[in-house]
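This is a walk through one protein model, from its overall fold to individual side-chain pairs. Please keep the sequence and the coordinates at hand while reading.

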Amino acid sequence: MTVQQSLKSLTAYPIPPATLQDIAEGCGLQHDADLTPEIRNSPEMKRAKARAYAYLITAPNISQNGVSFSFTAEERKQFKKLAVDLLKEIGDDTSSIGTKYGYVGEDF
């Protein structure tokens, strides 16, 4: 199994391969590297898993090839908890996980 395949195995949701590659490489991993026990337990892999879960927090509900994927608010909370727990385990900042930015109102 490669790093990218391991990240893909976290969910049946169709995360684009380029997104998984970007997550892996953004965490200092080679997406096509074999997943060794050292890599599996490394801070970089835990960070990549957290980012994959963070992606799922805001992933849109979709239908693909006759199969629908949608997450309840409770499932999205669980993804956030998984991401935060992984980041805390390696001592990373968790403040931006699931944070939404935007403007609500009519005056700037």
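Predicted model: local features only at pLDDT ≥ 70, side-chain atom pairs only at ≥ 80, totals over all residues.

In which helix does T19 lie? T19 lies in helix α2. In sequence T19 and A52 are 33 residues apart, while their C-alpha atoms are 8.8 Å apart in space.

G26 lies in helix α2 and is partly exposed, with 48% relative accessibility. The C-alpha atoms of G26 and A48 are 8.0 Å apart, and 22 residues separate the two in sequence.

The overall layout comes next. The protein contains five helices and two strands, and their order along the sequence is α-α-α-α-β-β-α. The protein has 108 residues, of which 33% count as buried. Among the contacts in the protein with a separation of 6 or more, 58% are between residues 24 or more positions apart. The accessible surface of the protein is about 6900 Å², and carbon and sulfur atoms account for 50% of that surface.

S6 is in helix α1, which spans residues 3–8. With a relative accessible area of 4%, S6 is buried. Which residues does S6 contact, leaving aside its neighbours within four places in sequence? They are M1, L35 and M45.

On the surface, charge is the next topic. A patch of negative charge is formed there by D22, E25, D32 and D34. One of these residues, D32, is found in the loop that runs between α2 (17–26) and α3 (37–40).

Charged side chains also occur in pairs. Side chains of opposite charge can pair when their charged atoms come close. How many salt bridges does the count come to? The count comes to three salt bridges.

One of them joins the side chains of K46 and E89, with an N to O distance of 2.4 Å. K46 belongs to helix α4 (residues 43–57) and E89 to helix α5 (residues 73–89), so this pair ties together parts that are 43 residues apart in sequence. K46 is buried, its relative accessible area being 17%.

Another salt bridge is made by the side chains of R47 and D92, at 2.5 Å from N to O. Because R47 lies in helix α4 and D92 in the segment after α5, the pair ties together parts that are 45 residues apart in sequence.

The remaining pair to describe is K81 and D85, whose side chains meet in a salt bridge of 2.6 Å, N to O. What separates K81 and D85 along helix α5? The two residues are four residues apart in helix α5, so about one helical turn separates K81 and D85. K81 counts as partly exposed at 46% relative accessibility, and D85 counts as partly exposed at 36%.

Terms used
Residues numbered from 1 in each chain as written. Heavy atoms only, no water. Buried < 20%, exposed > 50% of the residue type's maximum accessible area, 1.4 Å probe, protein only. Contact = heavy atoms within 4.5 Å. Areas by Shrake-Rupley, 256 points an atom, 1.4 Å probe, with all protein chains shown as cover. Patch = residues over 30% accessible without salt bridge, like charges linked within 9 Å, V, L, I, M, F, W, Y side chains within 5 Å. Salt bridge = Lys/Arg side-chain N within 4 Å of Asp/Glu carboxyl O. Lys, Arg positive; Asp, Glu negative; His and termini not counted. Charge placed at Lys NZ, Arg CZ, Asp CG, Glu CD.
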